[in-house]
Amino acid sequence: MHLNPEQKKAAEQIEGRVLVLAGAGSGKTRVIIQRMLYMIQIKNIAPTAILGLTFTNKAAKEMQERLKKELGKPADQVFLSTFHSFCVSVLRADICRLGYTKKFSLYDEKDIQRLVKNIVKELALETTLSTQEILQDMQESRTKGKNPSSPEVKQVVDRLFLALRAYNALDFDHLLEMTCQLFEMHPAVLEKYQDRFRYISIDEYQDTNPVQFRLAELLAKKHRNLFVVGDDDQSIYGFRGADMQNILRFSYDRLIKLEQNYRSIPHILDAANQLIDKNQDRHKKTLWCDKKDTSKISIFHAPSEEKEAEAIVERLLRLITQRGYAFKDIGILYRSNILARTIEKALLSARYWKKGALHQGIPYEVFGGLSFSERAEIKDLSAYLKALVNPNDQESLLRIINVPRKGISAPTLDTLTKKARQTGVSLYSLFTHIDQEEISSRGKNGIKSFVSLFEETKQRLQNKPYFPTLSWFLEEIDYKRAIEEEVKSEKMQRFKWENVEAFLASLEAFEQDHPDQGLEDFISASSLTKTPLHRKQDEDTVKLMTFHSAKGLEFTACFLLGLEDHILPHEKSQEEKNYEEERRLFYVGITRAKQYLCLSMAKERAKMGKKVRCNPSRFLFELPKNSLSIESHQL
DNA sequence: TAAATCCGCCTTTTT
DNA sequence: GGCGGATTTA
């Protein structure tokens, strides 16, 4: 692997605090991999002393694979994972010091929302804040590591934490918070990790929030070897608590800028550079390349969103027929998911010739929407497992106690949960002595049959493998029939059942790959990743996704659509006068393209069922005219 | 308890 | 315009 001089500097700077500002397409993953190789092969550093933190599973997996290709088996000893998975493994070992047990459950945002809703209802707060606003305030105060803005919200947060503790459950933010707490309250534990991971690197550092910052600083405090890579110009997760100041004010011993771009042609880079230069709050850098292709960026204005979509499809087909591109070389990107609708329709009805035959429908995949672990049936299955592993997990228990339906009504459950809270007894232990409760006999019978099956399943789960027990359990509760009764369309039933099978298959695969790990490890691994654990190959399809999900990817050809004021910058961002992040978002979109980039907008667009007139995005006027080729929407 | 209707939402969302 | 969640109704 050849490195340019700047990349080489970065790869060979092993000691101290190093900040690498890596522009889009500047080969930063290559640098991280080379650096690890250099440490292990040249500097004789033990692979186990290296920790690499990333934000996505995809990035972690890619790094592990690339490292393995170069290094072989020792690559497995390098600890490469997401912040969250790293925290899970720390907490599994030592969370007992914080009053939890290692079989804790993980709650996702939806679970927390439900829980908070109930808490708000129960507290009957005298406040004008909606549950939504409370959630938002809570979220913000937590990621920023400060106090909520009102006493009511504080009350809700306190209550939420009490509930989570009683249920032996954590949410995603908690994983980070608790790990920090553990390290701060138990220096010996921290020191164990400091001494093990003497060399730490963090990817996409511009996306760290204050808690992640704290965590990284704690880990690196003793040996001071912290290597962070990022691009402040690509910080687009501010709305989730990411704090750009972390990268802008990182105190470094050495700063290295990677500005040579290996991805895009000159006009695309010119446009990107000139656009982002309008931002004030940034480390100044300018991307350059040595490519000679002088093609310009296409741009057109269509009379309607339908016409815009058709015009994109037409251009897309030209790329295929005239330039020999494959579908998978093409990305269609937009600000928000709703914008996918119109373009999908146009892709479905497109007709084209391929290998002498007339085809209808361009193959495509839409990214985003409900991820695997968020689908109702998958949430049911993991709720079963969570409750089996951790019977204190009241939320999971409530989710599945009446699935499939067995006559346990909401009021019955309300009575029981209230009693559980007041007496400090877990809901499940009330279930096991249900005869003593005053509830309907139908409810009693339902709960009794649930408890006996549950107990038997727990017995069977004492022994590995778990997979046959789960299959047996699903047969027992006749989950397939429950799905069939729940949803009408046959297509949907099939889809859901396939998901169930995929989940079972992933349990089986996990057990084979990790024979020494427990069921709780499988559950957290599967709730920390969006896709089922085994993934299909990259198919030859056009990819549709938001600017946000496109970060880190590249396409030979890119279409950015809906570039209208109110969409980009989004109207809700305008209220906060926060244009800079929106500009970065556009920058991320532009820099995804290697050879061909097409920008488009429509004069009118449906908004909540009504057509409204739209103006071109103000950002378009910031691009160099010389780099644009203004076209009619009709070719 | 389950079906029917009504209401309010609608930016992005690595984990 | 379309979806999920909550509330009302049978």
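**Exercise 1: Contacts with the DNA strand**

In this predicted model, a backbone N or O atom of Ser409 lies 2.6 Å from a phosphate oxygen of DNA strand B.

Task: Describe the surface near DNA strand B by its elements, residues and classes.

Solution. 

Step 1. Two elements give two or more residues each to the surface near DNA strand B, namely α24 (547–550) and α25 (571–575).

Step 2. DNA strand B is surrounded by 30 residues. The closest are Arg335, Ser409, Lys530, Thr546 and Lys572.

Step 3. Sorted by class, this surface near DNA strand B comprises 13 polar, 9 charged and 8 nonpolar residues.

**Exercise 2: Sugar, phosphate and bases**

Task: Determine what percentage of the atoms of DNA strand B within 4 Å of the protein belong to sugar or phosphate, and which side chains have an N or O atom placed by a base oxygen.

Solution. 

Step 1. Sugar or phosphate accounts for 59% of the atoms of DNA strand B within 4 Å of the protein, and bases supply the rest.

Step 2. In the side chain of Arg335, an N or O atom is 2.3 Å from a base oxygen of DNA strand B. For the side chain of Glu109, the corresponding distance from a base oxygen is 3.1 Å.

**Exercise 3: A salt bridge within one helix**

Task: Locate the salt bridge partner of Lys9 and state how the two residues are placed in their helix.

Solution. 

Step 1. The partner is Glu6, and the closest N and O atoms of the pair are 2.8 Å apart.

Step 2. Lys9 and Glu6 are separated by about one helical turn, because they stand 3 residues apart in helix α1 (residues 5–12).

Step 3. Lys9 is partly exposed, at 37% relative accessibility. Glu6 is also partly exposed, at 28%.

Methods: Residues are numbered from 1 along each chain as its sequence is written. Chains are lettered from A and ligands numbered from 1 in the order in which they are written. This is a predicted model: local features need pLDDT of at least 70, side-chain atom pairs count only at pLDDT 80 or more; totals for chains, interfaces and linings use all residues. Side-chain values use heavy atoms; hydrogens and water are left out. A residue is near a molecule or strand if one of its heavy atoms lies within 4 Å of it. A polar contact is a pair of N or O atoms within 3.5 Å; within protein, one must be able to donate a hydrogen and the other to accept it, and residues adjacent in sequence count only if both atoms are side-chain atoms. Helices (H or I, at least four residues) and strands (E, at least two) are DSSP runs, numbered from the N terminus. Ala, Val, Leu, Ile, Met, Phe, Trp, Tyr, Cys and Pro count as nonpolar, Asp, Glu, Lys and Arg as charged, and the others, Gly among them, as polar. A salt bridge is a side-chain nitrogen of Lys or Arg within 4 Å of a carboxyl oxygen of Asp or Glu. Buried means under 20% relative accessible area, exposed over 50%, partly exposed in between (1.4 Å probe, protein chains only).
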